[in-house]
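Let's take a walk through this protein together. Have a look at the chain first, and then we'll go region by region.

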Amino acid sequence: MHDFTYRPQSPRTVFGAGALVHLEREIDLLGAQRALVLCTPGQVAQAQQVAERLGARAAGIFARAEMHVPIEAARAARDEARRLGADCAVAIGGGSTIGLGKAIALDSGLPILAIPTTYAGSEMTPIYGITEAGLKTTGRDARVMPRTVIYDPALTLPLPVPLSMTSGINAIAHAVEGLYAPDGNPIMDLMAEEGIRALARALPAIHQRADDMEARGDALYGAWLCGSVLGNVSVALHHKLCHTLGGSFKLPHAETHTVVLPHALAFNLPQVPAAAARIARALGGVAPHTVAGVLYDLAQSVGAPVALRDLGLREADLDRACELALTHQYPNPRPLEKAPLRALLQRAYEGQRP
Ligand code: NAD
């Protein structure tokens with residue numbers, strides 16, 4: 001057993017099919033009276049469902065959440081909260097909407113109640129990102145951690161199957177890197193392994209039948225576990241590559257995680273035998289040296305993308321992506337060198353099975 005320090009950080013969590021019925025109770029427990037409901041333009045119907053449940057305690061709906069949290073949207077939402085006299089925000093949606101809530105909380109201290117409808121895991125982390133003049137700043141700050149999270153699998157039923165698959169693999173990526181994080185601990189290892197197991201079981205079932213409530217519940221359970229891991233430990237090469245590809249080349253978030261994960265894992269695998277053994281168990285008892293290939297097969301079998309070229313990256317961008325990934329490196333179990341990293345990117349670009 002390695003030495004470790006464990007100080008869990010987690011919001012109050014309410015989980016269950018139909019758990020949205022507990023919303024008013026949870027708002028009461030926050031001591032709040034007027035909630036501003038946040039959503040994307042595409043999820044206004046779900047935001048209205050939330051507002052109707054809140055009745056007089058709904059201050060209004062702000063439906064301008066978007067990818068990467070532009071500072072203008074964050075300022076507008078904060079102003080709207082002030083104008084309406086809101087004393088909390090309810091963010092219903094994926095990482096983009098919850099990210100907007102975090103941006104508001106960062107400088108206003110407004111408590112956030114998150115209702116995640118994807119598997120990205122942002123609701124369990126103190127990590128925020130805000131984009132100003134094309135530049136995304138990220139950081140960790142306890143103030144942005146939602147106070148309460150309501151997980152209701154019923155709200156994930158309309159999540160389109162392709163996004164369900166890539167979002168689920170995004171969550172798996174948090175757990176995979178948590179298993180070899182230098183600040184990991186035995187509890188996070190248990191959560192990461194179980195999170196991978198739940199998602200690897202749920203995604204093929206959802207791919208078969210989008211309204212499989214049991215599988216939706218399993219996937220959201222996995223997302224909770226994997227998000228919790230992300231919130232408590234640091235990340236490595238995989239997340240650095242995805243941040244680089246998303247930030248500098250505008251590649252889509254969950255899809256990029258899906259393509260990169262098998263390659264980043266294959267790159268680190270020789271250095272992380274204990275993580276490989278846990279991932280192998282979570283994937284149904286496969287041989288530990290095959291886990292990267294098995295994750296690639298999982299993505300392919302559920303129709304998810306496996307090549308960066310299919311996400312809009314140009315081959316001419318690979319050299320620059322490699323250079324950027326080598327600057328301001330995240331701690332990684334295997335030291336980063338230019339030639340192997342460039343080769344990793346080439347394989348991910350072409351969609352080769354690792
Ligand atoms: P998203 O929030 O951008 O959502 C993608 C689209 O799916 C949106 O149009 C949304 O309205 C729609 N959608 C979401 N749930 C739906 C549902 N149940 N039914 C129908 N449509 C639905 O996608 P995401 O992958 O959840 O989040 C990605 C963003 O989150 C990125 O910007 C990423 O950086 C951030 N993120 C942050 C953290 C963190 O810890 N801070 C963790 C993970 C992701």
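Start on the surface, where Met1, Phe4, Tyr6, Ile187 and Leu190 make up a nonpolar patch with about 560 Å² of accessible area together. Patch members have over 30% relative accessible area and no salt bridge, and nonpolar side chains are joined within 5 Å. A salt bridge here is a side-chain nitrogen of Lys or Arg within 4 Å of a carboxyl oxygen of Asp or Glu. Areas come from the Shrake-Rupley method with a 1.4 Å probe.

Keep in mind that this is a predicted model, with local features needing pLDDT of at least 70 and side-chain atom pairs pLDDT 80 or more, while totals for chains, interfaces and linings use all residues. Residues are numbered from 1 along each chain, and side-chain values use heavy atoms, without hydrogens and water.

Now zoom in on Ile187, which sits in helix H6, residues 186-208 (helices are DSSP runs of at least four residues, strands of at least two). Ile187 is partly exposed, at 34% relative accessible area (between 20%, under which is buried, and 50%, over which is exposed).

Next, the domains. A UniProt unreviewed entry puts "Fe-containing alcohol dehydrogenase-like C-terminal" at residues 165-349; such annotations may be inferred rather than shown by experiment. Over residues 165-349 the chain is 69% helix and 0% strand. UniProt also places "Alcohol dehydrogenase iron-type/glycerol dehydrogenase GldA" (unreviewed entry) at residues 11-153, where the chain is 32% helix and 28% strand.

Technical notes:
Patch = residues over 30% accessible without salt bridge, like charges linked within 9 Å, V, L, I, M, F, W, Y side chains within 5 Å. Buried < 20%, exposed > 50% of the residue type's maximum accessible area, 1.4 Å probe, protein only.
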